[in-house]
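Biologist: Hi! Could you walk me through how the helices pack here, and then through a few local details?
Modeller: Happy to, let's get the structure up first.

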Amino acid sequence: MLIIRYNYFLFDIDRTIWDFDTNANKAMSKLIVEYELDKELGIEDTDEFYEKYDIVNKLWWDKYEAGEISKEHLRRVRFYETFKLYNTCNRCSDERLQELSLTFSEKYLDYMISEKTLIPGAKMVLKALKKEGAYIGVLSNGFKEVQYHKINNSGIGGFFSGIIISEEVGRHKPHPQIYKIAIKTLLESELKDKGIKREITDADIKRAKESTLMVGDDFEKDIEGAQIYGIDQYYFNPKKRPCFGGPTYESDNLTNILDIVTGNI
């Protein structure tokens, strides 16, 4: 049996465990063909379309997390604004773009959550940590119905002792409160497994923080949020983006977590 440094692990889902870019691109590729968008909007390069969408989506997602727009508005507007980039010759009326954005968005989510590609090594890491008795939680800012489908369809739901979605708890990463809720959820699962019936105290959470590791790919939301709350961080950085915030650990390979937590690094 391994001796691990941490008892509790909080994992982001998208681009940390679940390969968001690959799965989203697959879903969009199918829809571009299905909707014949090469004819209607001249969209022929799927990778180019996804890159443009990704930029637009991030801008509007920030507005959603700031409480400036609703989830429903986000789902429509991110595709509407992307389609507009291709409608420079006014091939489509604005009414058609609005209609297309709505139906495309609905099908995109349906198609995307059926994809199952995980980040290389993700399942092996989860399995190894679970085997050693660690309590693992999901900590995500995504849409609740979408994230649950991703987790269940990918066959990784059994690894988690808690799934904490920002939409359900009313706080988004990097707000400190969502980390506290996540740790409390894992502690409640641990007490339940041990047959102990009592309330989790702030003292319990304070002690648990010392043996909790946050794992994520978004430096601002996952890593800085964990730093502010006072728990160690593993910055999964496969694109090797420069960062100057001094995460506890940083790697472009998810499986290095196992070396870190067992003291081999």
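## Helix packing and local details

Modeller: Let's start with helix α1 (residues 20-34) and helix α5 (residues 94-112), whose axes come within 9 Å and cross at roughly 130 degrees. Please keep in mind that this is a predicted model.

Biologist: Which residues in α1 and α5 meet?
Modeller: On the α1 side there are Phe20, Asn23, Ala24, Ala27, Met28, Lys30, Leu31, Ile32 and Glu34. Across from them, α5 brings Phe104, Lys107, Tyr108, Tyr111 and Met112.

Biologist: And how do the residues of that contact of α1 with α5 divide, nonpolar, polar and charged?
Modeller: You get 10 nonpolar, 1 polar and 3 charged residues in the contact of α1 with α5.

Biologist: What about α1 and α3, at what angle do they pack?
Modeller: The angle between α1 and helix α3 (residues 46-65) is about 120 degrees, and their axes are 10 Å apart. That makes α1 oblique to α3. The crossing of α1 and α3 is right-handed.

Biologist: Who makes the contact of α1 and α3?
Modeller: From α1 come Phe20, Asp21, Ala24, Asn25, Met28, Ser29 and Ile32, while α3 supplies Thr46, Asp47, Phe49, Tyr50 and Tyr53. Sorted by class, the contact of α1 with α3 has 7 nonpolar, 3 polar and 2 charged residues.

Biologist: Nice. Let's move on to aromatics: how many aromatic pairs does a search of the whole structure find?
Modeller: The search finds 20 aromatic pairs. Ring pairs also link a cluster made up of Tyr35, Phe49, Tyr50, Tyr53, Phe79, Phe83, Tyr86, Phe104 and Tyr108.

Biologist: Where does the charged end of lysine 52 sit?
Modeller: Over the ring of tyrosine 86, 4.5 Å from the ring's centre. For another lysine over an aromatic, look at lysine 63, which lies over the face of tryptophan 60 at 5.6 Å from the ring centre.

Biologist: Switching to the backbone: is the peptide bond from lysine 173 to proline 174 cis or trans?
Modeller: That peptide bond is cis, with omega near 15 degrees. Proline 174 has its place in the loop between α8 (166-169) and α9 (176-193).

Biologist: What is phi of glutamate 36, and where is the residue?
Modeller: Phi of glutamate 36 is near 50 degrees, a positive value in a residue other than glycine. Glutamate 36 is placed in the loop between α1 and α2 (37-40).

Biologist: Back to α9 for a moment, how do α9 and α11 cross?
Modeller: The axes of α9 and helix α11 (residues 219-229) cross at roughly 80 degrees and come within 9 Å. The two helices are therefore roughly perpendicular to each other. In α9, Pro176, Tyr179, Lys180 and Ile183 meet Lys221, Asp222, Gly225, Ala226, Ile228 and Tyr229 in α11. By class, the contact of α9 with α11 has 6 nonpolar, 1 polar and 3 charged residues.

Biologist: Last one: where does threonine 255 lie, and what does threonine 255 touch?
Modeller: Threonine 255 is in the loop between β6 (249-251) and α12 (256-261). Leaving out residues up to four places away in sequence, threonine 255 touches Gly121, Met124 and Val125. The C-alpha atoms of threonine 255 and valine 125 are separated by 6.0 Å, although these residues are 130 residues apart along the chain.

Conventions: Residues numbered from 1 in each chain as written. Predicted model: local features only at pLDDT ≥ 70, side-chain atom pairs only at ≥ 80, totals over all residues. Heavy atoms only, no water. Axes fitted to C-alpha atoms, helices over the stretch in contact; angles between N-to-C directions. Helix = DSSP H or I, 4+ residues; strand = E, 2+ residues; numbered from the N terminus. Contact = heavy atoms within 4.5 Å. Nonpolar A, V, L, I, M, F, W, Y, C, P; charged D, E, K, R; others polar. Phe/Tyr/Trp six-rings, centres within 6.5 Å; stacked < 30°, edge-to-face > 60°. Lys NZ or Arg CZ within 6 Å of the ring centre and 35° of its normal. Parallel < 35°, antiparallel > 145°, perpendicular 65-115°, else oblique. Left-handed = near helix turned anticlockwise from the far one by under 90°.
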